[in-house]
Amino acid sequence: MRAVPALPGWLQSRLPGERFRTEADGWSIHGLRQGSGTPVLFLHGNPTWSFLYRRVFRRLAEEPLLCVAPDLVGLGFSDKPGDPEIHRLDHHAEWIGGVVDGLGLDRFVLVGQDWGGPIGLRMAADRPESLAGMVLLNTVVGPPKEGFRPTLFHRFSRLPVVSTLVFRGLGFPQRVLHWAQGDRKSIRGAIARAYRYPLRGWRRRAAPLALARMVPDSLDHPAIPDLERCQELVESFRGPTEIVWGDRDPILGGVRSWIEKLLPEARSTRTDAGHFLQEEVPGAIADAVRRVALSP
């Protein structure tokens with residue numbers, strides 16, 4: 001197993017807990033880990049990394065919780081495959097499953113945002129007895145409905161040539177994350193730099209475009225069967241579940257009502273945050289994690 005890479009002081013000083021590396025299906029996966037006790041698996045999405053959960057971790061530092069936030073393959077400081085075609089929902093679920101099994105995370109609480117939601121759910125669908133609770137944050141939990149229309153962002157990602165130049169050449173969308181926020185000042189300066197840092201240069205930037213293209217543009221998309229597995233798990237799950245949502249999210253803000261219909265018993269917390277709500281309302285997320293993970 002490779003050593004955890006050194007980071008510049010300005011970035012290392014902002015990270016809570018400790019950094020780790022583990023292996024999954026031949027890939028080296030980096031992440032953050034803090035504490036001990038009930039395992040809570042925090043999964044981010046595109047194009048962020050475990051840094052996204054640092055403010056939530058700090059609010060949970062005194063709790064009897066083992067907080068684990070891996071970087072998805074292709075993002076953060078995990079391995080970055082050169083072949084963009086390797087990025088598929090089932091593959092990411094297998095890799096995160098390798099992290100769960102390798103770290104021995106039994107009866108874990110899943111916290112998922114953006115692609116972290118379906119990746120975690122698809123992983124849990126293969127080991128449903130290990131899932132103890134869920135906290136869902138601006139994500140999706142199943143396939144799109146008949147007649148849906150992809151967002152402008154996802155339509156743009158499928159434009160030949162120009163999307164490759166913009167995503168891989170110009171570092172999109174990690175350079176404009178603040179535009180998805182309720183408070184655009186929440187991702188500025190050193191914080192914005194921290195999201196860009198692991199994706200420096202063309203060779204490191206395959207995943208943001210590949211994960212954008214993982215979003216279905218039709219009901220024939222290869223991710224649809226795996227998203228159906230996610231929804232089946234959500235609808236059959238009877239453990240504690242909470243929803244924390246940023247209603248000012250221009251990407252997934254409108255999905256909240258659909259998830260609430262699928263999970264009518266779940267407690268739902270609405271906020272004025274945007275897509276990366278971990279930067280704006282970490283306290284609301286930490287409170288939901290406490291209620292789900294530490295409930296009697």
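I start with R290, which is partly exposed because its relative accessible area is 24%. The words I use here are set as follows: buried means under 20% relative accessible area, exposed means over 50%, and partly exposed lies in between, with a 1.4 Å probe and protein chains only. Please keep in mind that this is a predicted model, where local features need pLDDT of at least 70 and side-chain atom pairs count only at pLDDT 80 or more, while totals for chains, interfaces and linings use all residues. Residues are numbered from 1 along each chain as its sequence is written, and side-chain values use heavy atoms, with hydrogens and water left out.

Back to R290. Its side chain meets that of D287 in a salt bridge, at 2.7 Å from N to O. By salt bridge I mean a side-chain nitrogen of Lys or Arg within 4 Å of a carboxyl oxygen of Asp or Glu. R290 and D287 are three residues apart in helix α11 (residues 282–293), so about one helical turn separates them. Helices here are DSSP runs of H or I with at least four residues, strands are runs of E with at least two, and both are numbered from the N terminus. D287 is partly exposed too, at 37%.

The structure holds 14 salt bridges. Another one joins R158 and D217, at 3.0 Å from N to O. R158 lies in the loop between α5 (152–156) and α6 (162–170), and D217 in the loop between α8 (206–213) and α9 (224–236), so this pair ties together parts that are 59 residues apart in sequence. R158 counts as partly exposed at 24%, and D217 counts as partly exposed at 38%.

Next, D126 and R122. Their side chains meet in a salt bridge at 3.1 Å, N to O.
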